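Keep the viewer open while you read.

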Amino acid sequence: MAQVTEKRHPISTYLEENQRYLNDRLGVGKSFDIGVHDFYVGHTRMLLYYINGFAESLLISQIMRELNDVRDRELADDAFDQLFHKFIPFFQLSKVETTDEFMDKLLVGQVGLIIDRSRHAIILDAKILPNRSPQEPDTERIVRGAHDGFTEVLITNTSLTRRRIRDQRLRFEIMQIGERTKTDVAVAYLQDVANEELVNTLKERLQNIQIDGIPMAEKTVEEFIIGQTLNPFPLVRYTERPDVAAVHLLEGHVLIYVDTSPSVMITPATYFHHVQHAEEYRQTPVIGAYLRWVRFLGIFASVFVLPVWLLLVMHPSMIPEPLHFLGIKKMGSIPILAQFLIAEVGLDLMRMAAIHTPAPLSIAVGLLAAILVGDVAIKVGLLAPEVILYLAVAAIGMYATPSYELSLANRLIRLFLLLLVGFFSTPGLMIGLTLILIFLASTRSLNTPYLWPFIPFNYKGMKDIVVRLAVPSKNNRPSIVRSQNSSRQ
């Protein structure tokens, strides 16, 4: 539940009452990782609550040493004010007035201090979360440039972003989603650049999420804010690279960071956002444009090579004489369409096996798959050699697609076209292409045309898609984001 519920259990001035309530709610004595330290500062009794594995032990030990030196007469007037403003040597302090808020802070890793005869408690943000180093993401590798990447810790990801955008107008508005998980979700944007309507829409949709938890993090959040069901195409873009996130913030996009996930959600996103890669901007404009065109060719091949070749095999008269070698020499024991479907399923099985196979065995699995599919399947007549060849071309194009989500969507489109061609021949291909174009043209991502700048056509935007322009020549932000400040220079 994104909206904070009303708190109705205030902290009592009787420490024993607070202790009984908190111990019961938190399961102290049952959950081994909930710790309570009962101690005195002078003659004032206090309770220190923490979660093992979250609290920074060295810092808490230092604070306890400092409190041991506090004399009773120094706490005679108001123990809470003296501790909060003077005797606790820590800068990340806050105070709470209810036990519900106290537990919420404790469960996200902070340390809580209950003081006898005080209606307030002290919260110390002394958590240290399990974390890994910000390594380069496997799905967005580049040859030159930064090799750091987001991690599963929200504060690390926001720090990596602020390192690149040192602007006081960069905002990270945080909220909690999930009644039980209370997952931190941050909406990031540049205050004077991002479209206010988009920011408010995203915040409203996030606050309206009613669910017990989002352990699958950003994907669950996407399904709530986008609301798509049967659309296979990705309507938001994900990135694990801080530099890519920073570029989109500067363009006027709004980003969503979810704790426990290294993937940051970029909104709004069009189809052409998913075909760009950071490597294109780490090379000269000419080299970047070449890499982009090669990538476009791979994406095109991943969708259309198999359906078009199947159509030519079904109608050999359509093959021009200079391209007669495109035909099939030996049909095989089963129909050609069934061969393609078997090969497609086999490719998916090999991909999943590679993902789930332990690293020391992955090479053996690859050799086994190559021998079985590439050699034995052909010799026994299960698959034609040309089917393996063109499926390999389509697979290479699929893996060259920068967006993993788009590559999976393109695979479904390829299967859809294969079935239409197999059953209806040339009219099936024409009808399929028309339906796909109409579907994409009518799709909108957060009120943004999905095929922009192709439909509706925008010359400047289309030029930036086709040709990798030099950064000094890009004076304006993309008009699709409807930013408050369109000028970049």
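**Domains and cores**

Bear in mind that this is a predicted model.

Where does the nonpolar packing go? The largest nonpolar core has 65 residues, and Leu206 and Tyr271 have the most contacts inside it. Helix α13 gives this core its largest share, nine residues. Domain 2 (154-269) and domain 3 (281-448) each put in at least three residues. Another core, of 24 residues, lies apart from that one, with Met46, Ile63, Leu93 and Ile115 among its members.

Setting aside neighbours within four places in sequence, tyrosine 271 is in contact with Phe233, Ile299, Leu406, Asn410, Tyr450 and Leu451.

**The bent helix**

Now for α13, which runs over residues 404-442. How far does helix α13 span between its end C-alpha atoms? The answer is only 23 Å, while a straight helix of 39 residues would span 57 Å at 1.5 Å a residue. There's a kink of about 145 degrees at phenylalanine 424, shortly before proline 427.

**Helix α4 and its cover**

Helix α4 (residues 99-107) has a set of buried residues: Thr99, Asp100, Phe102, Met103, Asp104 and Leu106. What covers these buried residues of α4? The cover includes α1 (15-26), β2 (44-51), β3 (93-96), β4 (111-115) and β5 (121-124). After α4 comes glycine 109, which has a positive phi, near 110 degrees.

| Residue | Where it is found | Relative accessible area |
|---|---|---|
| Glutamate 280 | loop between β10 (264-267) and α9 (285-314) | 0% |
| Glycine 288 | helix α9 | 0% |
| Serine 445 | loop between α13 and α14 (459-466) | 1% |

Is glutamate 280 buried or exposed? Glutamate 280 counts as buried because its relative accessible area is 0%, and the cut-off for buried is under 20%. Its side chain makes a polar contact with the side chain of arginine 292, at 2.9 Å. Beyond residues up to four places away in sequence, glutamate 280 touches Val275, Gly288, Leu291, Arg292, Arg295 and Arg468.

Glycine 288 turns up in that list, and it has its own contacts to look at. Not counting residues up to four places away in sequence, glycine 288 touches Glu280, Gln283 and Arg468. So Arg468 is touched by glutamate 280 and by glycine 288, with glycine 288 itself buried at 0%. Glycine 288 and leucine 469 are 181 residues apart in sequence, yet 8.8 Å apart in space, C-alpha to C-alpha.

Serine 445 is the last stop. At 1% relative accessible area, serine 445 is buried too. With residues up to four places away in sequence left out, serine 445 touches Leu235, Pro268 and Ala269. Serine 445 and glutamine 339 are 106 residues apart in sequence and 36 Å apart in space, C-alpha to C-alpha.

Definitions and conventions
Residues are numbered from 1 along each chain as its sequence is written. This is a predicted model: local features need pLDDT of at least 70, side-chain atom pairs count only at pLDDT 80 or more; totals for chains, interfaces and linings use all residues. Side-chain values use heavy atoms; hydrogens and water are left out. Helices (H or I, at least four residues) and strands (E, at least two) are DSSP runs, numbered from the N terminus. Buried means under 20% relative accessible area, exposed over 50%, partly exposed in between (1.4 Å probe, protein chains only). A polar contact is a pair of N or O atoms within 3.5 Å; within protein, one must be able to donate a hydrogen and the other to accept it, and residues adjacent in sequence count only if both atoms are side-chain atoms. Contact means heavy atoms within 4.5 Å. The expected span of a helix is 1.5 Å times one less than its number of residues. The bend at a residue is the angle between axes fitted to the seven residues ending there and the seven starting there. A nonpolar core is a set of buried Ala, Val, Leu, Ile, Met, Phe, Trp, Tyr and Cys residues joined through side-chain atoms within 4.5 Å. Domain bounds come from an automatic or database domain assignment.
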